[in-house]
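Here is a short briefing on one protein model. Look over the sequence and the structure first, then read on.

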Amino acid sequence: MEKASVDLSETDEFLPENNEDSSNPKRLKTQLGTPATRAGIIEKLISTKFIERNKKQLLPTEKGINLIAVVPTDIKSPRLTAEWEACLTEIEHGEKNFDEFLDEIKHMTKELVFNNKSPVDEFKSLFPQQTSGNKGNKKEVIGICPRCGSDVLEWDKVFSCVKKECEFALFKQSRYFVDKRVKLTKTIAKSLLKDGKVFIKELYSSQKNKTYSATVVLKDDGGKYVSFGLEF
Ligand SMILES: [Zn+2]
């Protein structure tokens with residue numbers, strides 16, 4: 001695939017070719033963020049592997065090229081950013097209402113997400129992981145987060161909510177389970193998420209130095225760590 005590089009350094013002034021509002025001088029000259037924002041965006045694109053550095057060049061990766069292919073025209077055009085920048089300037093000068101602007105963006109985001117949930121058939125081959133069930137990088141959903149209703153996925157050391165700010169997590173090395181010499185397996189995590197409890201045959205008691213059966217109940221009070229209780 002042919003690689004194209006985009007030079008973002010010389011776009012202090014972005015002049016849309018087909019700007020319908022070109023009669024309006026305020027709209028004519030719009031900016032594309034500050035150099036500082038640009039640096040942040042570039043670093044983010046590198047860390048997410050959409051572009052890579054090649055000496056002084058920034059080149060799109062295959063993942064980046066595929067993304068550009070499927071992203072709706074509106075959001076891949078610098079025109080949108082330029083228009084937003086213009087709106088921000090208007091807000092700064094008291095010529096535009098901030099809440100109105102935010103509502104417009106919210107509305108647009110919702111619409112974009114709704115209309116672009118998965119790549120159209122034409123582009124599905126570009127994203128094999130997303131379109132071939134549980135193969136590839138797609139993770140199995142272990143259950144639904146009791147705090148926020150998002151998916152809970154399995155990681156090396158934890159079953160945790162996909163929503164970063166939610167912080168719900170079942171640590172595999174949870175003290176409670178380690179003390180009882182029970183491995184917090186995927187099956188156990190699934191039951192805890194589905195039913196809020198799980199029956200376990202061999203829980204170890206260090207006091208009595210023997211094992212017993214009981215139901216472990218998930219008690220989540222929203223803190224950093226969840227706690228558990230026993231039912232007999
Ligand atoms: Zn959650």
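In which sense do E8 and strand E9 (residues 227-231) pair, and over how many bridges? The sense is antiparallel, and E8 and E9 share five bridges. Two strands count as paired if DSSP finds at least two bridges between them.

This is a predicted model: local features need pLDDT of at least 70, side-chain atom pairs count only at pLDDT 80 or more, and totals for chains, interfaces and linings use all residues. Residues are numbered from 1 along each chain as its sequence is written.

**Overall make-up**
- The protein has nine helices and nine strands. Both are DSSP runs numbered from the N terminus: helices are H or I with at least four residues, strands are E with at least two.
- Of the 232 residues, 9% count as buried. Buried means that 20 or more other C-beta atoms lie within 10 Å of the residue's own; exposed means 12 or fewer, and partly exposed is in between, with C-beta atoms placed from the backbone.
- Take the contacts between residues at least 6 apart in sequence: 29% of them join residues at least 24 apart. A contact requires C-beta atoms, placed from the backbone, within 7 Å.

- An open sheet is formed by four strands in the order E3-E4-E5-E6, with antiparallel pairing.
- Strand E3 (141-144) and strand E6 (169-171) are the edges, each pairing on one side only.
- From one strand to the next, the twist averages 20°.
- Strand E4 (residues 151-154) pairs with E5 over three bridges, in the antiparallel sense. Leucine 153 stands opposite serine 160 in E5.
- H9 lies across E3, E4, E5 and E6 and runs at about 20° to E3. Axes are lines fitted to C-alpha atoms, for helices over the stretch in contact, and angles run from 0 to 180 degrees between N-to-C directions.

**Nonpolar core**
- The largest nonpolar core has 14 residues. Such a core is a set of buried Ala, Val, Leu, Ile, Met, Phe, Trp, Tyr and Cys residues joined through C-beta atoms within 7 Å.
- Residues with the most contacts inside this core include Ile142, Phe159, Leu170 and Ala189.
- Strand E5 (158-161) and helix H9 (186-195) are the elements that give two or more residues to this core. H9 provides the largest share, three residues.
- Leaving out residues up to four places away in sequence, alanine 189 touches Ile142, Gly143, Phe159, Leu170 and Leu184.

- Strand E7 (residues 197-205) and strand E8 (residues 210-219) pair in the antiparallel sense over seven bridges. Isoleucine 200 stands opposite alanine 214 in E8.
- E7 and E8 form a hairpin with four residues between them. In its turn, asparagine 209 has a positive phi of about 50°.
- Lysine 219 has serine 227 in E9 as its bridge partner.

**Helix H6**
- Helix H6 (residues 98-115) has 18 residues and reaches 26 Å from its first C-alpha to its last, close to the 26 Å expected at 1.5 Å a residue. The expected span is 1.5 Å times one less than the number of residues.

**Positive phi in loops**
- Most residues other than glycine have a negative phi.
- Lysine 49 has a positive phi near 65°. Lysine 49 lies in the loop between helix H2 (35-47) and strand E1 (51-54), and is exposed, with 11 other C-beta atoms within 10 Å.
- Arginine 181 has a positive phi near 55°. Arginine 181 sits in the loop between helix H8 (175-179) and H9, and counts as exposed with 12 C-beta neighbours inside 10 Å.

Technical notes
Contact = placed C-beta atoms within 7 Å.
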